Amino acid sequence: MNAPAPRFPVGRVVATPGAIAAMQEADVAPADLLRRHVSGDWGDVPTEDAAENELSVREGFRILSSYALPGTDARIWLLTERDRTVTTFLLPEEY
């Protein structure tokens with residue numbers, strides 16, 4: 001099965017040490033979360049934030065996805081900057 005085409009460029013992909021540790025603990029591959037993010041699966045964001053992300057894809061604003069990590073209480077945010085030069089994996093408390 002082919003992955004859907006990315007809806008926007010992500011630029012350079014970086015991650016905080018806390019996000020890396022949380023994904024390792026949950027045995028979650030960063031590439032899987034990134035694939036969800038760029039395909040428009042925003043994860044567990046409120047309806048208003050999902051609508052804002054759709055606008056952001058079209059108009060070039062910042063995009064934020066949020067994913068609960070299985071087997072843990074951790075959550076990972078993926079944040080793509082408005083200029084699409086960088087996408088960051090981070091924990092909400094690191095924002």
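Q: In the hairpin of β3 and β4, which residue takes a positive phi?
A: R84 does, near 60 degrees, and the hairpin has five residues between the strands. This is a predicted model: local features need pLDDT of at least 70, side-chain atom pairs count only at pLDDT 80 or more, and totals for chains, interfaces and linings use all residues. Residues are numbered from 1 along each chain as its sequence is written, and side-chain values use heavy atoms, with hydrogens and water left out.

Q: In what order do the four strands form the open sheet?
A: Start with the terms. Strands are DSSP runs (E, at least two residues), as are helices (H or I, at least four), numbered from the N terminus. Two strands pair if DSSP finds at least two bridges between them. Here the order is β1-β4-β3-β2, with mixed pairing. The edge strands β1 and β2 each pair on one side only. From one strand to the next, the twist averages 15 degrees (axes are lines fitted to C-alpha atoms, for helices over the stretch in contact; angles run from 0 to 180 degrees between N-to-C directions).

Q: Which strands pair in the parallel sense, and over how many bridges?
A: β1 (residues 12-15) and β4 do, over four bridges. V13 has T87 of β4 as its bridge partner. β3 (residues 75-80) runs antiparallel to β4, also joined by four bridges. There, L79 partners T88. β2 and β3 are antiparallel too, over six bridges, and S65 stands opposite L78 of β3.

Q: Why is strand β4 largely enclosed by the rest of the structure?
A: Side chains in a regular strand alternate between the two faces of the sheet. Check each face for burial: buried means under 20% relative accessible area, exposed over 50%, partly exposed in between (1.4 Å probe, protein chains only). β4 (residues 86-90) has five of five residues buried, so it is largely enclosed. V86, T88 and L90 cover one side, T87 and F89 the other.

Q: Which residues is M23 in contact with, leaving aside its neighbours within four places in sequence?
A: Contact means heavy atoms within 4.5 Å. For M23, the list is V28, P30, L33, L69, I76 and F89.
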